[in-house]
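Have the model open beside you as you read.

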Amino acid sequence: MKEANANGDNKKKHSLILKLMIFIGVAITSINLLQGLILSVDLKKTILKDDLNKYSNIVHAYVISIEEQFESYFSALDYYVNADIVQSGDEETIIEWLYDHVGERNSVFTRILWCGQDGIYYSDDRKSGNIADRSYFKAIFNQNMDRFIDDPVISRSDNSPVVHITRRVTVGGKTLGLFCGVLTLDYINSTINNIKVGESGYAIMIANDGTVMAHPNTSYIMNNNFITGLSKGFEDMQKATSAVVRGESGSQWVKGLNGNAKDLIVYETIPFTKWGLLISLKDTEIFSTINLTYIHLVTGAIVSIILLLLISGLLLYASIKPLSIVESTIRGIASGDADLSKRIDVFSNNEIGFVVQGFNNFIGKLQAIISEVKDSKEELKTAGEDMTASADDTASAINQIIENIENMRKQILSQHSSVQGTAGAVSQIASNIQSLERMIEGQSAGVSEASAAVEEMIGNISSVNNSVEKMAESFDSLRTDAKTGFDKQQDVNERIKLIESQSEMLQEANAAISSIAEQTNLLAMNAAIEAAHAGEAGKGFSVVADEIRKLSETSTSQSKTIGEQLNNIKESIGQVVAASTESSRAFESVSVKIDDTDQLVMQIKAAMEEQNTGSQQISNTLHNMNDSTIEVRNASKEMTAGNKAILEEIEKLQNATASMKDNMEEMAAGARKIDETGTALSDISNKVKDSITKIGKQIDQFRV
């Protein structure tokens, strides 16, 4: 836990509210920028469309005004065309009349011309010349037009650019001649220059061939042509100029005529002519309204972003504040304080409120579990101490058993030597008995020797009997100690089972913790789904749902860690159970071996008692032999028979002694196995004690 806390403390804390505020700010800014971009594009199109309509209407209005002026120019010639003198058809009279009425000329005209079918004109300023090659002459006489306005030409009388307003004169349905009023381009240019559109817009008039007729820059007049290429640098004007001379109307963006970036050209054809009226406007003036609208949009967007961020920040702070309390409480538990008695007050009835309520329920459940575990800790500690004491007692008893077995082994080896000596003595007795009949004179010495040998044998048999009795007493003590060790081992097994049961309770509690984490994760998934349904407005809560999901994953990870520790404890308990079971089996094996050995000892004791009886009989017989030599032969025969019995008993005693020796070897091996098992049991007991101490330290960190 300390390591986990250290790792958690080393991580830099990032504010969820700050992240959400940045996310919301970026989202709101992006939305406003996108909205502003869409609005600006639509607004630009709308304003441009409105401006084009407006400027087209202005151009059309000026075209109508120019048409009315041209109509007035034609009307000014009515005085000449409808004069009575003209109907006489006398050209000389008409010329004289023209000279006499120079004062009646309209001020817009510089002079009035009369021209007959011969192409010779006469003006009211008394000048004349040939105009048969002029377009207005051909229009009247060749094309039979009633009125005509030609393109600007250079006057042959004063070399100035002029325009001719021409009317046909008919007498009797036949063309007699024409009257023509001469307009200077200066007059037309002054009229066009009076046209003002906006702050910087100006008008241009283009002749049918693309020649500039009127322009604010007078150097362009009659010197620039926007169709034929005479005006280098104004190639963009060719399209608009060609369209207007074809009788079309419209607009076009062109390279700035006065050095500015772009100009908007709005054009329309003037009636009675193929001239074009063009209005040029700077892009800065057209886009000034758009730029002002952009400023208003940006200002409104900034204000709305600030207000939305303030409102969102307050709402987020109020909504996420309970999570901060949850975070501080969890850190308190994880840092080692582990106060499980703390609870968080719930004031909201939303998803975060339910998460806080679930956290309180989880802490309450964990508090109850840890309380029970703390109560069980003392029992585990006592059980561990008892188990250690039992293991120590078992080890002491095993050491005592080993010492007793070693003493018994020495006594059996001594008995084995005595039995071997007895066997040799009996063999010697048999040899003496065989030669007794031949050596009767040595009977007395042989009987004495036999008596001495029998007395020695009786002494050895008594010693063996004493050793066997002590062995029986040792086996009784060993049986009692083995039973005590077995009972204590059973008590240890029962306490280990209690520990295993409590470990299962901890696993159930951990499963409940994992279930709560899964429910929290499900809640986070539901919140994320609802946030997704809410669209842009739910993106902030989607981040909250993600944080809740991360909290659930952390709880799941902690639950997994606790589960792994519980599994380790369970495995240790399983090892203790296995070792305890093996120890119980060893105790049972020792008890069985002790019973078998006890039976062998009892058999040896019975045989030795029989041996003692036989020896007494031999001793009595030898005394009788000393009393009566006559009875020696009879006694010799009886001794032969007795010797056979002795040999048989000695053989049995040898076999029993060998069997006891083998059994003692098995008992020694069993004792060593018991010693190893006791050592393993002691190690397992120490491990269990250490595990219980470690669990106690972990549990003591929680305050309930």
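## Pairing with strand 13

Strand 9 and strand 13 (residues 276-282) run antiparallel to each other, joined over 5 bridges. At one of these positions, I206 sits opposite G276 of strand 13. Strands here are DSSP runs of E with at least two residues, numbered from the N terminus, and two strands count as paired if DSSP finds at least two bridges between them.

A word on the source: this is a predicted model, where local features need pLDDT of at least 70, side-chain atom pairs count only at pLDDT 80 or more, and totals for chains, interfaces and linings use all residues. Residues are numbered from 1 along each chain as its sequence is written, and side-chain values use heavy atoms, with hydrogens and water left out.

## Two hairpins

Strand 8 (residues 196-197) pairs with strand 9 in the antiparallel sense over 2 bridges, and Y202 is the bridge partner of K196. The two strands make a hairpin with 3 residues between them, and G198 in that turn has a positive phi of about 65°.

Strand 10 (residues 212-214) is also an antiparallel partner of strand 9, over 2 bridges. Here I206 faces V212. This hairpin has 5 residues between its strands, with G210 in the turn at a positive phi of about 95°.

## A buried strand

Why is strand 9 largely enclosed by the rest of the structure? Because 6 of the 6 residues in 201-206 are buried, meaning under 20% relative accessible area with a 1.4 Å probe, protein chains only. G201, A203 and M205 point one way, while Y202, I204 and I206 point the other. In a regular strand, side chains alternate between the two faces of the sheet.

Definitions and conventions:
Buried means under 20% relative accessible area, exposed over 50%, partly exposed in between (1.4 Å probe, protein chains only). Helices (H or I, at least four residues) and strands (E, at least two) are DSSP runs, numbered from the N terminus.
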